[in-house]
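I opened the model and kept notes as I went. The entries follow the order in which I looked things up.

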Amino acid sequence: MKFRVFRYNPETDNSPRMQDFDVEPFRGMMLREALMEIKKQDESFAFRHSCGEGVCGSDGVNVNGGNKLACITPISELKEPVVVRPFPGRPVIRDLIVDMTQFYRQYKEIKPWLIHKDPLPDQEVLQSPTDRDKLDGLYECIMCGCCSTSCPSFWWNPDKFLGPQALLAAWRFLADSRDQATEERLSELDGHYKVYRCHTIMNCVEVCPKGLNPTKAIGHIRNLMLKNAI
Amino acid sequence: MALVRRKFDALIIGAGGAGLNAALQLANADMQVAVVSKVFPTRSHTVAAQGGVNAALANVLPDNWHWHMFDTVKGSDYLGDQDAIEFMCQEAIPTVYELEHDGVPFSRIDNGKIYQRAFGGQSQNFGGDQAARTCAAADRTGHAILHTLYQQNVRAKTHFFDEFFAVDLLRDDDGYILGALVLEIETGEPILIEAKATLLATGGCGQVFRTTSNAHINTGDGMAMALRVGIPLQDMEFFQFHPTGIAGKGMLITEGVRGEGGYLVNKNGERFMERYAPRAKDLASRDVVSRAIVTEVREGRGCGPNADYVLLKLDHLGEEIISKRLPGIRESSKIFAGVDPIKEPIPVYPTAHYVMGGIPTDRWGRVVVPVGQGPEEVVPGLYAAGECACVSVHGANRLGGNSLLDILVFGRSAGKDIIQFLADYRHHRPMKEVALEQAMARLTRWEQPGSGPSVAELRAEFRKSMEDHAGVFRTEEFMQEGVEKLEEIRNRLSQVRLKDRSRVFNTARIEALELENMIDVGMSIAVSALYRKESRGAHSRPDYPKRDDANWLKHSLYSREGDRMDFKPVRIKPLTVPSFPPKDRVY
């Protein structure tokens with residue numbers, strides 16, 4: 001099977017290039033395994049990967065134009081030649097490895113931790129199954145970055161617009177019945193950029209390998225902001 | 001260029017559950033703490049833990065920590081240290097509540113308390129009815145816990161060195177650990193991190209086997225670092241093969257599937273676990289279930305065209321339970337096995353999963369080593385916690401749900417002990433430059449030009465040898481052959497050369513360093529396994545089929561120098577309750 005992969009090593013290359021590889025496919029082969037096979041052929045080829053089962057979020061790449069998690073992408077679903085590039089819009093460090101600093105910074109910006117102000121009980125803080133259900137579709141995010149790096153608003157304003165991943169995380173805490181910092185969270189999200197640069201293009205929803213819906217979460221945040229403003 | 005040197009109170013190597021829970025204690029106490037991780041913290045393999053964490057909260061069925069302790073001692077095939085086990089089972093309860101307060105999105109039961117499910121080897125009342133002790137966030141508990149701990153560390157302003165690879169520990173002539181040499185992966189620059197206390201929390205080493213549930217990063221780095229500064233590894237012959245890996249692939253299908261009511265069948269549709277464990281059936285201990293599956297396949301009752309797996313059936317649970325409690329499993333089965341478990345059973349076979357052994361520690365996470373003929377002593381400035389450590393709470397076989405518990409309890413305990421240690425230990429000791437040069441030599445070795453076998457070639461051969469010779473069933477002759485093969489592979493390692501010696505994000509160099517670590521750790525497994533002439537827990541020898549308490553109720557210690565074996569007694573005496581004396585282990 002034919003693969004065309006993005007290559008760039010700042011020590012030896014003046015500019016990026018595409019390199020072709022042939023990989024012997026096997027039944028059930030995932031893109032990650034194909035990339036590992038390419039690395040066997042040329043050990044200088046660099047990409048991040050770890051768990052191999054779609055939970056660590058290391059191996060997000062751009063495949064045939066769309067962001068995907070390599071370890072859960074069967075190559076049988078890909079058209080040849082399979083064109084593999086790094087995430088768009090991020091500075092390339094080497095080959096498929098991009099600098100995700102900005103992405104992590106935006107995540108930290110939303111205070112991604114539970115804030116509970118009342119004195120804590122000796123046991124667990126109670127939460128009804130219905131309230132707990134509100135976290136489904138939010139807490140499962142693996143921070144792979146497929147969503148934010150496919151979002152045109154994040155491409156244009158990565159420093160000001162928080163991006164779908166961070167906003168999904170923001171809603172995860174706003175939606176948690178145990179969290180008691182709703183006012184502060186909303187006031188910090190206020191302004192023209194942080195939330196409102198989302199133009200519901202919905203690339204994030206399309207690419208999320210975990211089937212999550214950041215656009216919907218952003219909608220919830222906006223509704224809550226409106227409700228609070230009135 | 002001069003080597004960059006940084007100083008911290010504490011250095012934590014590894015950012016999984018153990019490392020992050022320790023870091024959180026330290027950062028909350030305003031200590032200067034550095035966490036070095038070769039991957040961004042939320043990529044650590046704790047993220048993959050599915051089923052849950054054990055604590056006798058008694059939310060679903062009656063329970064108490066003493067029953068949990070009994071099950072753990074029995075599960076360990078009486079090789080676990082009972083003082084450490086008592087400590088862990090007591091601490092489990094406040095530890096889980098603390099995690100919940102930190103924000104872990106546990107699943108809930110109707111009264112709002114944490115959901116708990118049944119898991120293997122759990123009982124009420126010292127071997128009675130099945131217990132429900134495993135606190136779960138659906139089947140993504142590790143993910144929920146790891147992300148929460150990372151979030152809390154961000155709040156507490158822990159200093160992270162993301163994507164830095166730890167090369168070697170630095171130890172002075174008085175035996176003190178002074179910190180570590182680390183490599184910034186992005187730039188290829190080495191950095192010296194000096195610390196008054198260093199915690200190894202580098203996780204497991206499942207990558208030494210070809211088929212494993214473990215991630216690419218689980219290469220036993222911390223264990224190998226300990227070996228290289230003269231610290232032995234304890235009980236390395238005890239490696240857990242999880243019964244239900246996806247056949248031919250190795251990805252894990254949680255024991256929680258059987259906890260929710262799923263069961264195993266052979267090609268005749270027979271629920272074969274009834275023959276091997278009449279009472280606990282599919283929820284017998286992992287070692288028991290793995291051996292049963294391998295036996296079924298060897299005796300020709302496997303399923304599929306090659307009769308090389310069994311089936312895990314759960315369609316009878318119904319779509320609602322599966323979607324609610326096991327959503328991740330459904331997803332994984334569809335992706336990797338091509339089956340939807342709502343309709344079809346999942347093909348499964350044992351997969352290398354967890355090392356019970358590791359760096360010997362006490363229950364405060366302090367690394368302890370034997371000194372001459374006397375009692376063991378603490379290695380000053382060195383701690384270990386989590387899968388890389390051996391406290392020992394798992395003995396010869398770990399119970400499901402006790403792994404997340406181990407990393408959380410002992411990560412926390414180590415963090416708290418380091419705070420006390422730092423109170424008495426105010427200054428950094430002078431760096432031993434010779435030790436630093438030796439650590440640097442480990443890096444420069446890979447600068448050698450020329451040609452030789454590739455890292456990938458030797459790695460593939462090594463992992464296959466481990467799988468062939470140190471698997472579920474182990475006989476003398478076969479293991480002897482395995483050790484010889486490993487010796488030969490270890491010798492050939494010096495001929496391996498990197499073609500790519502560039503600096504920026506050179507993953508080939510990292511994989512070379514990892515291969516060195518894996519070979520050291522693999523050797524410790526093979527040599528320890530050959531040495532122990534009995535069957536106990538996960539260590540199963542057809543030539544010595546019985547447990548032999550008279551000769552082998554003791555911990556093994558493997559030292560890298562001369563591949564030497566040594567032993568130390570099991571701590572049978574608990575802290576406050578009477579001992580559980582060794583008994584026949586039936587489920």
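**Core.** I began with the largest nonpolar core, which has 249 residues. B:Ile12, B:Val182, B:Leu199, B:Ile359 and B:Ala385 touch the most other members. I took a nonpolar core as a set of buried Ala, Val, Leu, Ile, Met, Phe, Trp, Tyr and Cys residues joined through C-beta atoms within 7 Å. For burial I used C-beta atoms placed from the backbone: a residue with 20 or more others within 10 Å of its own is buried, one with 12 or fewer is exposed, and anything in between is partly exposed. Helix α15(B) gives the most to this core, with 13 residues. Helices are DSSP runs of H or I with at least four residues, strands are runs of E with at least two, and both are numbered from the N terminus. Domain 1 (2-98) and domain 2 (101-229) of chain A each supply at least three residues to the core.

**Ground rules.** The model is predicted; local features need pLDDT of at least 70, side-chain atom pairs count only at pLDDT 80 or more, and totals for chains, interfaces and linings use all residues. Residues are numbered from 1 along each chain as its sequence is written, while chains are lettered from A and ligands numbered from 1 in the order in which they are written.

**B:Leu199.** Which residues does B:Leu199 touch, not counting those up to four places away in sequence? I listed B:Ala10, B:Ile12, B:Ile13, B:Gly19, B:Ala22, B:Gly365, B:Tyr383, B:Ala384, B:Ala385, B:Ala414 and B:Ile418. Contact here means C-beta atoms, placed from the backbone, within 7 Å.

**Sheet in chain B.** I then traced an open antiparallel sheet of three strands, in the order β10-β19-β20. Its edge strands are β10 (233-234) and β20 (564-569), and each pairs on one side only. Pairing requires at least two DSSP bridges between two strands. β10(B) and β19(B) (residues 554-559) have two bridges, in the antiparallel sense. Opposite B:Leu233 stands B:Tyr558. Helix α15(B) (residues 507-531) lies across β10, β19 and β20 of chain B. It runs at about 135° to β19(B). Axes are lines fitted to C-alpha atoms, for helices over the stretch in contact, and angles run from 0 to 180 degrees between N-to-C directions.

**Chain A against chain B.** The contact takes 39 residues from chain A and 42 residues from chain B. On the chain A side, β6 (92-94) and α3 (129-133) are the elements that give two or more residues. That side has 18 nonpolar, twelve polar and nine charged residues. Ala, Val, Leu, Ile, Met, Phe, Trp, Tyr, Cys and Pro count as nonpolar, Asp, Glu, Lys and Arg as charged, and the others, Gly among them, as polar.

**Chain A overall.** I counted eight helices and seven strands. The C-alpha atoms fill a box of roughly 60 × 35 × 30 Å along the principal axes. Of the 230 residues, 47% count as buried. Among contacts with a separation of 6 or more, 65% join residues 24 or more positions apart.

**Domains of chain A.** The assignment gives domain 1 (2-98) and domain 2 (101-229); the bounds come from an automatic or database domain assignment. How far apart do the C-alpha centres of the two domains lie? They lie 29 Å apart. Domain 1 puts 14 residues into the contact and domain 2 puts in eleven residues. Strand β4(A) (residues 66-69) gives the largest share of the domain 1 side, four residues. That side divides into six nonpolar, six polar and two charged residues.

**Hairpin in chain A.** β3(A) (residues 60-63) pairs with β4(A) in the antiparallel sense over four bridges. A:Val61 has A:Lys68 as its bridge partner. Two residues lie between the strands, and A:Asn64 takes a positive phi near 45°.

**Backbone checks.** The peptide bond from A:Glu80 to A:Pro81 is cis, with omega near -10°. A:Pro81 is in the loop between β4 and β5 (82-85) of chain A. B:Val391 and B:Ser392 are also joined by a cis peptide bond, with omega about 5°. B:Ser392 is in the loop between β18 (389-390) and α11 (402-424) of chain B.

Is B:Lys281 buried or exposed? B:Lys281 is buried, because 20 other C-beta atoms lie within 10 Å. Its phi is positive, near 50°.

Methods. Two residues are in contact if their C-beta atoms, placed from the backbone, lie within 7 Å.
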